[in-house]
Amino acid sequence: MASVQLEPHTGSGRSQAVARKVLPAGCVIVSSPALATALLPQEKGKRCDTCYRILPLHRCTGCAAYWYCSTDCQTTQWQLHHKRICKRFAQYTSSVAFQALASHEKMDALLLSHLVAQFTDANDDRLTHVTCLLPGPAEISLPPLACSPRISDSLVKDLYSRFGNNNFVIHSHLSGVGHGVFPLASRLFNHSCLPNAAAKYRLSASNMPIMEVVALRDISPGEEICLPYLDPALLQTRQQIFRLTYGFECHCLSCLFVERVGRIPEPPPDERDRKDLARRLKQFMEATPHDGLTLSNDPASFPSDLLAIFHESFITYAAETFRNASHDGPYSTAFDWGESLGHLYRLIYPPNYPQIGMHLLELAKTYWNSIVAQHLDSGGEENEVKQHCRSHLKHAKENLQILGAEGDDDGPLIEIQTLETLLQDA
Ligand SMILES: *[C@@H]1O[C@H](CO)[C@@H](O)[C@H](O)[C@H]1NC(C)=O
Ligand SMILES: *[C@@H]1O[C@H](CO)[C@@H](O)[C@H](O)[C@H]1NC(C)=O
Ligand SMILES: [Zn+2]
Ligand SMILES: [Zn+2]
Ligand SMILES: [Zn+2]
């Protein structure tokens, strides 16, 4: 906390986190413990309900719906909230009221139950840390709960009104595993689509996941520290989500760029034209590399016939075509789209954003797999493929080392090591 200072922000009840000293890329700015979490349904029975680690689990015999890796984890959660939820859980989840909820509302209902079950005292500081956050802009109605609250309905409602615009998705290697309430992080960090920091989650025995906010680049004293509240690649829809869910408008450089562009043109329907668009993006980027920041500083420098690459449907198409072809081939398609997608990410995301590194690692793996699968003659072609593999791997490593170890023990940094070893011997 000594590294950030809170400055009152004019016009809102909230503060801004401002760096007090140079925060070097990769440093942990703040650790924020969870006040409550809830696993996503597809992770239930796979991860411990307390610590989120993937380990052999035993099931709670009372409800048969919560799983733990150790007696410690089970006792911790029992004391925290499960003892108020266990007995009625089956009845609750099979109730008409719960069943009628959409899946995201079910997540909210479970998380709210885990939160309110912990408290009897309305003046508990930990509750005040939630209610002092900004409420969302929309009217809300309370979902059914898995426990009968021992705090007033209006306080429960107050807490719930902070969910939509404050809760975080807990992720491991960038894939979501649960939702969590992290009041300290919510209070400190505002949003930017070109953030200078990112959240990661550390998992450890007997603890709920801990959020760490990491500097993605060197941050100067006086600079505000921001996190992305949603995937900045949602270039067309994000502004609407900010208004509806968060109640603000974003005026970051990236949003300014989108605003100046106006309407992002539809990508061409024909597959060959799309491929051509991707090829021209690659040419443009190879001639003058840009990243998220340089692009938005100079919107006029961007060729208008390339603007369709920012259309969300084009980004999705590029990602899917790469993913499909990197599994099933043809490899040439995977390489073309993988390279273009790498350029696209560099344009959209700020430097060192972990999505870029994860993609470069996938691309390096694809190059490697093509060598293995095609038994290329160890001639010119194989050397070139190896060079691509090495160069993407190097950039993936530089990028992902900044965020550092997070989530499950296996993961991208281990995969990078493995591939490095294979390349050395190749
Ligand atoms: C947070 O960022 C949004 C979008 O840039 C802005 O409208 C809002 O005023 C900021 N809030 C604080 C507390 O800085
Ligand atoms: C990728 O593969 C899936 C499943 O085979 C298919 O439904 C989808 O259309 C493919 N996407 C693209 C862009 O080729
Ligand atoms: Zn555990
Ligand atoms: Zn139980
Ligand atoms: Zn923005």
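His 171 stands opposite Gly 176 in S8. In this predicted model, strand S8 (residues 175-181) runs antiparallel to S7, and 5 bridges join the two. They belong to an open sheet of 3 strands, ordered S4-S8-S7 with antiparallel pairing. At the edges are S4 (36-39) and S7 (168-172), each of which pairs on one side only. On average, neighbouring strands of this sheet are turned by 35 degrees against each other, direction ignored. Helix H4 (residues 103-116) packs on the sheet, where it touches S4 and S8. The direction of H4 makes about 140 degrees with that of S4.

Now to another helix. H14 covers residues 331-348, 18 residues in total, and spans 25 Å from its first C-alpha to its last, close to the 26 Å expected. Is H14 mostly covered or mostly uncovered? It is mostly covered, with 14 of its 18 residues buried.

Next, the cysteines. The structure holds 0 disulfides. Cys 147 is in none, and the nearest cysteine sulfur, which belongs to Cys 86, lies 13 Å away. A disulfide would need the two sulfur atoms within 2.5 Å.

| Cysteine | Relative accessible area |
|---|---|
| Cys 147 | 4% |
| Cys 252 | 12% |

Both values count as buried because the cut-off is under 20% relative accessible area.

Finally, an unreviewed UniProt entry annotates residues 48-86 as "domain: MYND-type". Over residues 48-86 the chain is 26% helix and 10% strand, and the end C-alpha atoms are 16 Å apart.

Methods. Residues numbered from 1 in each chain as written. Chains lettered and ligands numbered in written order. Predicted model: local features only at pLDDT ≥ 70, side-chain atom pairs only at ≥ 80, totals over all residues. Heavy atoms only, no water. UniProt positions renumbered as here; feature names shortened; annotations may be inferred. Helix = DSSP H or I, 4+ residues; strand = E, 2+ residues; numbered from the N terminus. Buried < 20%, exposed > 50% of the residue type's maximum accessible area, 1.4 Å probe, protein only. Expected span 1.5 Å × (residues − 1). Pairing = 2+ DSSP bridges. Axes fitted to C-alpha atoms, helices over the stretch in contact; angles between N-to-C directions. Contact = heavy atoms within 4.5 Å.
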